[in-house]
Amino acid sequence: MNISFEIADKVNGLLTLTIDQSDYQENVEKTLKNYRKKANFPGFRPGMVPMGLIKKQYGTSVKVDEVNKLLGEKIYEYIRENKIQMLGDPLPNEEKQQPVDFENDGPMTFVFDIAVAPEFKVELSGRDKVTYYTINVDDKLIDQQVEMYASRAGQYEKAEKYEAKDMLKGDLRELDEKGNTKEGGITVESAVLMPEYIKVEAQKKLFEGAKLGDIITFNPRKAYPENDSEMAALLKIKREEVGEHTSDFSYQITEISRFKPAAVDQQLFDQVFGEGAVKDEKAFRAKIAEDLQKQLVVNSDYKFLLDVRAHLEKKVGKLEFPEAMLKRIMLNNNKDRGAEFVEKNFEMSIKELEWHLIKEKLVAAQEIKVEDDDLKNIAKEAARAQFAQYGMSNVPDEYLENYAKEMMSKKENLDNLVDRAVDAKLTEKLKTVVKLEEKAISLDDFNKMMQEK
């Protein structure tokens, strides 16, 4: 086999491979012998089919498979040994690649276009200044978290008179033009209604001060003028039938339920952080503040890495890419979406590719390595964050371990876990490399800043 590589303009490479019969023949013969052992031809016992028949039936297809396998192995071996930073997969050259004759045993030549990454340097030191935003955990934020925990532990209680945000249950009946129950009209027993979410004020006010047993006359179509789904759910009908019911309905209240948050007491403390972990409200708030600070570091680190990216993209400048080749690769990977998709998304893809190459150099320069324990820790933090969303802050470590193992056992999760682990380790390292200009900020201001990006 003969391999040669040319690079005309630093980013467009041409890889030529010439394969002789001796490069693949041994594997072809071996495969055909295995086929012969299993072949089932009329008139021949298994394993006794003449090799000539086997070659005639399978010879060309086996040769194609073996040549393609050999091509893949040798291309990537050559790329690796010669330290060529290839972008995407190689594609056959559209001008120089001649038709290949697989029927005969002469040499076969294959010519591939290779997209090569641009050469550039990335350097960071204490002379590079990057802002690091520390999000303040203030009383407002702690109050919101306390309210959230109390709300999650709360429950509905029965009430006699309607107040805003109460949930009603009652019997709903369609009325005719005279205000009487419509014969054959819609009737829904125990219909659930929350007047607070009625958009039209005139309809919402009809429920003010209502008591158990009261009959309210209202118009669902007017109450939900632009929400067919809400009206269909209330009347237990299909969305396409909503337009047929524009009349008033009577609603006799049979139940009023009022949500009451849990008391901020020892029972709530134990439920959130585990029995006896905190003893009073002051300690409860302090523990919440501690947890919030840990959670908000993730936000700060994310913003920091975004700012490092912007700083380095500006510092590196515009990179030259083999755009025509990359568009071919992108189109080849998105055949079902077509050229329009490629053109629409190409600029963003180049932007992400640029950052990917910059980050690769940073990872190499900072000697970042990801171990199994790193992946497990990232998976455990993901589990912890997910449980925290449901107000579960005292999940036993064994549950987190099991969740992490489950995540790591699924191949589709591994790439994401590796990326997150790399980002986490790189962020920690870079915070010690650049000069941090620390700035305190409220969560509201931080979120506004992120929305403006």
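# Exercises on aromatic pairs and buried residues

A search of the whole structure, a predicted model, gives 10 aromatic pairs.

**Exercise 1.** Classify the pair formed by Phe5 and Tyr78, and locate both residues in the chain.

*Solution.* 
1. The ring centres of Phe5 and Tyr78 are 6.4 Å apart, and the angle between the planes is 55°.
2. Planes under 30 degrees apart count as stacked and over 60 as edge-to-face. The Phe5 and Tyr78 pair is therefore tilted.
3. Phe5 belongs to strand S1 (residues 2-7) and Tyr78 to helix H2 (residues 51-81). The pair links distant parts of the chain, 73 residues apart.
4. Buried means under 20% relative accessible area. Tyr78, at 19%, therefore counts as buried, whereas Phe5, at 23%, is partly exposed.

**Exercise 2.** Describe the pair of Phe269 and Phe284 and the cluster that contains these residues.

*Solution.* 
1. The centres of the Phe269 and Phe284 rings lie 4.7 Å apart with the planes at 35°, so this pair is tilted.
2. Phe269 is in helix H7 and Phe284 in helix H8, so the pair ties together parts 15 residues apart in sequence.
3. Both Phe269 and Phe284 are buried.
4. One aromatic cluster is formed by Tyr149, Phe269, Phe273 and Phe284.

**Exercise 3.** Determine how the buried residues of helix H7 are arranged and what covers them.

*Solution.* 
1. Helix H7 spans residues 266-273, and its residues Leu268, Phe269, Val272 and Phe273 are buried.
2. Viewed down the axis of H7, these buried residues fall within an arc of 100°, so they line one face of the helix.
3. The general rule behind this is that an α-helix has 3.6 residues a turn, so residues three or four places apart point the same way.
4. The cover over the buried residues of H7 includes helix H3 (139-152) and helix H8 (281-316).
5. After H7 comes Gly274, which has a positive phi near 100°.

**Exercise 4.** State whether Ile198 is buried or exposed, and list its contacts.

*Solution.* 
1. Ile198 sits in the loop between strand S8 (187-193) and helix H4 (201-205).
2. The relative accessibility of Ile198 is 1%, so Ile198 counts as buried.
3. Leaving out residues up to four places away in sequence, Ile198 touches Gln203, Lys204, Phe207, Ala223 and Tyr224.

**Exercise 5.** Which charged residues lie over the faces of Phe341 and Phe120?

*Solution.* 
1. Over the face of Phe341 lies Arg337, at 4.6 Å from the ring centre.
2. Over the face of Phe120 lies Lys361, at 5.0 Å from the ring centre.

Note on methods:
Residues are numbered from 1 along each chain as its sequence is written. This is a predicted model: local features need pLDDT of at least 70, side-chain atom pairs count only at pLDDT 80 or more; totals for chains, interfaces and linings use all residues. Side-chain values use heavy atoms; hydrogens and water are left out. Buried means under 20% relative accessible area, exposed over 50%, partly exposed in between (1.4 Å probe, protein chains only). Helices (H or I, at least four residues) and strands (E, at least two) are DSSP runs, numbered from the N terminus. The arc is that of the directions from the helix axis to the C-beta atoms. Contact means heavy atoms within 4.5 Å. Rings of Phe, Tyr and Trp (its six-membered ring) pair if their centres lie within 6.5 Å; planes under 30 degrees apart count as stacked, over 60 as edge-to-face and the rest as tilted. A charge sits over a ring if NZ of Lys or CZ of Arg is within 6 Å of the ring centre and within 35 degrees of the ring normal.
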